[in-house]
Amino acid sequence: MSIDLKTIKHISKLSRISVDEKKAEKLAVDLNSIFEFIEKLNELKTDNVKPLTSVAETTLKLRPDEVKSKNIREQIVKNSPQDNEDYFVVPKVIE
Amino acid sequence: MSDITKQSLTELVENIKDKKLSSTEVTKAFIDRSEKSKELNAYITEDFTSALNKAKKFDQKPNLDLKLPGVPIAVKDLFCTKDVKTTAGSKILNNFVPTYESTVTDNIWKEGSILLGKLNCDEFAMGSSNETSFFGNVQNPIDKDLVPGGSSGGSASAVAGQLTPITIGTDTGGSIRQPASFTGTVGLKPTYGSCSRYGIVAFASSLDQAGPMAQNVKDCALLQEVISSYDPKDSTSIDFKRNQYSKELTNNIKGKKIGIPKEYRVDGMPKEIEDLWQKGIQYVKDCGAETIDISLPHTSYALPTYYIVAPAEASSNLARYDGVKYGFRAKGENLIDMYEKTRSEGFGAEVQRRIMIGTYVLSSGYYDAYYLKAQKVRKLIKNDFDEAYKKVDAILTPSTPSSAFKIGEKTNDPVSMYLNDIFTVPVNLAGLPGISIPAGHDSRGYPLGLQIIGKAFDEQNILNIAYAMEEKINFKNKITDWWIK
């Protein structure tokens, strides 16, 4: 299997990370060597193995649905790159 | 006392409790040494002025019943600290000041400890040499231009260099144990669910665990006792009876059965690692334990499994960095362009690489072939350990396949970098506790570590084995203070 530039561009779009030609070529080399290494898993037959989704084999605890944090609006927007009082500001999305 | 920074945590606590030392004296000593140690680049953010104020305040009304009374400590910059910048070693969080505290650090402050500052680490804890940090390389106190390991490289460097008496790191695939091994320090990765993940910048949520790093096993046990707690704020935190690890610590390991897995004898492993392992086997026998040859047949599949599971979870966890709610934002022509440029300029190369791998293995048409396959192999790896633990109480292996390497030596080959974690990754995949202790030196005098892997929630047992071995090994770290002019 080999990951070509077209695939890199597709993944970069899905990842919302812009890549130029030079970066895409470097990524293709790196990802191919990593996937070559990962292909080793195909040596194993796993048809009848149940996938492990969590090592902690406990069921999630239920708790009452209570409001724990109140009046933290200011804290929430405190770290935003751009805000307008109580709102996050982003580039225009509707013309 | 001029040699304050040479004291272990246990000694410092005793001296403060006996009023031989004040918190201010101790805090000042570690600040002074940290100031002289800028060349190590162990800190990302120093909080020295505030630390001194807190120490003075502690001394005015000292509560000596606490476990860490007035003891200063610097922590990995992956833990959110209220009102103190938390970067995860990334440009994208370069201006992030949390409005809340991680549970693990909160547990530390509640026992009387004082924050010294935030320690350097690989970006989002992705790396094995601390070279992916936006804030630059960290020097290993063992030798100039030597990596301290990673991702908790700043933490390991700061403990080995005596800039902090103890510290905490996080371990997703070896990020506590590998740097501990590279710097001649002790590092424990607890059982998954032992320490709360609340307030820790997430990398791979099914693998991430916080843990203590220290100069010796007893200090490590004491810190583990402080940080481990059941926390309703982390849905995978587990409610089990936690030991008083430092109080219950014993070097009596007579009759313990210790497994030696043959699959850890990997191709190309240097002879000095094999020799160290044999020495370790002799040490545990000298302590009255019995060693048993075991097999963990799927060991060689652990790294490929890890490099599917961890990036998949990372790609999902790091989707939140979009330049909208917090962190760095790049200028874009429209919203999508802003997202793409923010993430392209804000993340470093290794993080981008892992997000791309993760996105690919989760993408339509590839999920079954990669992600589901990896989850199945992960089950086989866990089954290996479950089988082994029917016969043994713990497992002894080397911590790493080599000693520390030079800065820049492995940065161009991601796979060779990943191979560093070959002995540590299986432990994370199975959710088990593992501890690395310094056990010897290579031909250049660089430290080498041995790893003891335990059953889930059996931290006390591996701490005891480590404690007994430590006494036999009598390891001395060769630190020359080369960076202090």
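What share of the contacts in chain B with a separation of 6 or more comes from residues 24 or more positions apart? The figure is 77%, where a contact means two residues whose C-beta atoms, placed from the backbone, lie within 7 Å.

Before I continue, a word on the model. It is predicted, so local features need pLDDT of at least 70 and side-chain atom pairs count only at pLDDT 80 or more, while totals for chains, interfaces and linings use all residues. Residues are numbered from 1 along each chain as its sequence is written, and chains are lettered from A and ligands numbered from 1 in the order in which they are written.

Let me turn to chain B as a whole. Its C-alpha atoms fill a box of roughly 65 × 55 × 45 Å along the principal axes. Of its 485 residues, 60% count as buried, that is, with 20 or more other C-beta atoms within 10 Å of their own C-beta, placed from the backbone. Chain B holds 15 helices and eleven strands; these are DSSP runs numbered from the N terminus, H or I of at least four residues for helices and E of at least two for strands.

One sheet deserves attention. Three strands of chain B form an open sheet in the order 1-3-2, with mixed pairing; strands pair if DSSP finds at least two bridges between them. Strand 1 (43–46) and strand 2 stand at the edges with a single partner strand each, so one side of each has no neighbour in the sheet. Strand 1 runs antiparallel to strand 3 (residues 114–119), and three bridges join the two. Within strand 3, B:Leu119 stands opposite B:Tyr43.

Next, helix 4 of chain B, residues 103–110. Six of its eight residues are buried, namely B:Thr103, B:Val104, B:Thr105, B:Asp106, B:Asn107 and B:Ile108. These buried residues pack against strand 2 (72–76), strand 4 (166–171), strand 6 (209–214) and helix 7 (217–227) of chain B. After helix 4 comes B:Gly112, with a positive phi near 95°.

Finally, the contact between the chains. Chain B contributes 52 residues and chain A 39 residues. On the side of chain B, the elements that give two or more residues are helix 9 (302–317), helix 10 (335–346), helix 11 (349–362), helix 12 (368–388) and helix 13 (414–418). Helix 12 gives the most, with ten residues. This side of chain B divides into 25 nonpolar, 16 polar and eleven charged residues. Here Ala, Val, Leu, Ile, Met, Phe, Trp, Tyr, Cys and Pro count as nonpolar, Asp, Glu, Lys and Arg as charged, and the others, Gly among them, as polar.

Definitions and conventions:
A residue is buried if 20 or more other C-beta atoms lie within 10 Å of its own, exposed if 12 or fewer, and partly exposed in between; C-beta atoms are placed from the backbone.
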